[in-house]
Amino acid sequence: MNVKPDFSKGKNYAETAPAFLSVWNMEAYYGESYIVQNVSFNVHEGEILALLGRNGAGKTSTLRSIARIGSPLVTHGEIWLDHQPLHNMASHQAAQAGLALVPEDRRIIAGLTVEENIQLAQIAPPVGWSLERLYELFPRLGERRKQEGVTLSGGEQQMLAIARALSRDIKVLLLDEPYEGLAPVIVDEIEKTLRIIKEQGITTILVEQNAVRALELADRAVILDTGSVVFDGTAAEVLGNDDLRAEYLAI
Ligand SMILES: Nc1ncnc2c1ncn2[C@@H]1O[C@H](COP(=O)(O)OP(=O)(O)O)[C@@H](O)[C@H]1O
Ligand SMILES: [Mg+2]
């Protein structure tokens with residue numbers, strides 16, 4: 001049996017609820033470059049965790065490490081999801097264990113319609129949300145289901161990328177800058193869907209440059225600076241701490 005490590009003596013783990021996803025002593029390298037430097041944090045079941053920090057702080061690398069997307073990233077450390085160790089898994093195994101990464105570039109497949117993009121994701125079990133349920137969450141996608149995915153607007157492509165993640169039976173959604181390049185009204189729309197996804201019990205790690213928007217949605221926040229955790233606490237604490245925001249988030 002796998003025994004989950006004891007995180008109770010880690011830094012700033014003030015919460016008493018047991019962690020659902022634990023990242024422990026994570027290190028990641030691109031070749032000789034030491035990028036993620038001994039990062040540890042916990043995510044509780046059903047919460048939204050904002051993972052913040054300046055450009056180049058290591059947010060994307062941390063998400064890729066969690067999702068086990070290797071090449072060219074090499075990682076050491078432990079990742080536990082719901083008492084299951086992920087750190088020796090390949091990315092497809094981590095996906096089967098319930099992780100879904102929506103990358104910054106969204107990866108909509110050219111030549112396929114909206115619906116085909118979703119159906120392709122549903123080929124491998126375990127299947128998650130049905131088309132009907134996804135179109136209820138994202139009515140715009142339902143209206144455009146026969147349209148080629150890459151011809152959607154940026155916001156709609158982001159919705160499609162999230163819909164595709166939900167079409168697998170996932171426990172944790174990893175979002176890399178979902179609001180990037182989107183108008184505030186579209187961000188409002190996506191934020192609304194992220195609240196609904198949370199109500200369904202899915203746990204989310206939200207990486208965003210738009211830190212204020214992310215913090216308004218998130219329960220807790222972890223801030224990275226040059227590959228290390230410099231803050232781990234509630235989103236409200238970050239919003240209320242001008243010095244912290246100025247130093248690490250430039251807002
Ligand atoms: N494929 C790569 N090869 C080498 N270095 C990389 C690669 N991707 C990112 N890096 C470097 O890793 C560091 C962290 O990048 P990243 O995780 O993308 O940060 P963030 O997402 O916070 O902007 C940066 O210094 C970046 O230049
Ligand atoms: Mg990034």
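This is a predicted model: local features need pLDDT of at least 70, side-chain atom pairs count only at pLDDT 80 or more; totals for chains, interfaces and linings use all residues.
β2 (33-43) and α1 (59-66) each put at least two residues into the shell around ligand 1.

**Around ligand 1**
- The residues surrounding ligand 1 are Tyr30, Ser33, Ile35, Gly53, Asn55, Gly56, Ala57, Gly58, Lys59, Thr60, Ser61 and Pro72.
- Sorted by class, that shell comes out as seven polar, four nonpolar and one charged residues.

**The annotated span**

**The six-stranded sheet**
- Six strands form an open sheet with mixed pairing, in the order β6-β7-β8-β3-β9-β10.
- β6 and β10 (228-234) are the edge strands, each with a single partner, so one side of each has no neighbour in the sheet.
- From one strand to the next, the twist averages 15 degrees.
- Helix α10 (residues 242-249) packs on this sheet, touching β3, β9 and β10, and its direction makes about 145 degrees with that of β10.

**Strand pairs up close**
- β3 (residues 48-52) and β9 (residues 220-225) run parallel, joined by four bridges; Leu51 stands opposite Val222 in β9.
- β6 and β7 (residues 172-176) also run parallel with four bridges, and here Leu101 faces Leu174 in β7.
- Both faces of β6 (residues 99-102) are covered: Leu99 and Leu101 are buried on one side, Ala100 and Val102 on the other.

Terms used
Residues are numbered from 1 along each chain as its sequence is written. Chains are lettered from A and ligands numbered from 1 in the order in which they are written. A residue is near a molecule or strand if its C-beta atom, placed from the backbone, lies within 6 Å of it. Ala, Val, Leu, Ile, Met, Phe, Trp, Tyr, Cys and Pro count as nonpolar, Asp, Glu, Lys and Arg as charged, and the others, Gly among them, as polar. A residue is buried if 20 or more other C-beta atoms lie within 10 Å of its own, exposed if 12 or fewer, and partly exposed in between; C-beta atoms are placed from the backbone. Two strands pair if DSSP finds at least two bridges between them. Axes are lines fitted to C-alpha atoms, for helices over the stretch in contact, and angles run from 0 to 180 degrees between N-to-C directions. Two residues are in contact if their C-beta atoms, placed from the backbone, lie within 7 Å.
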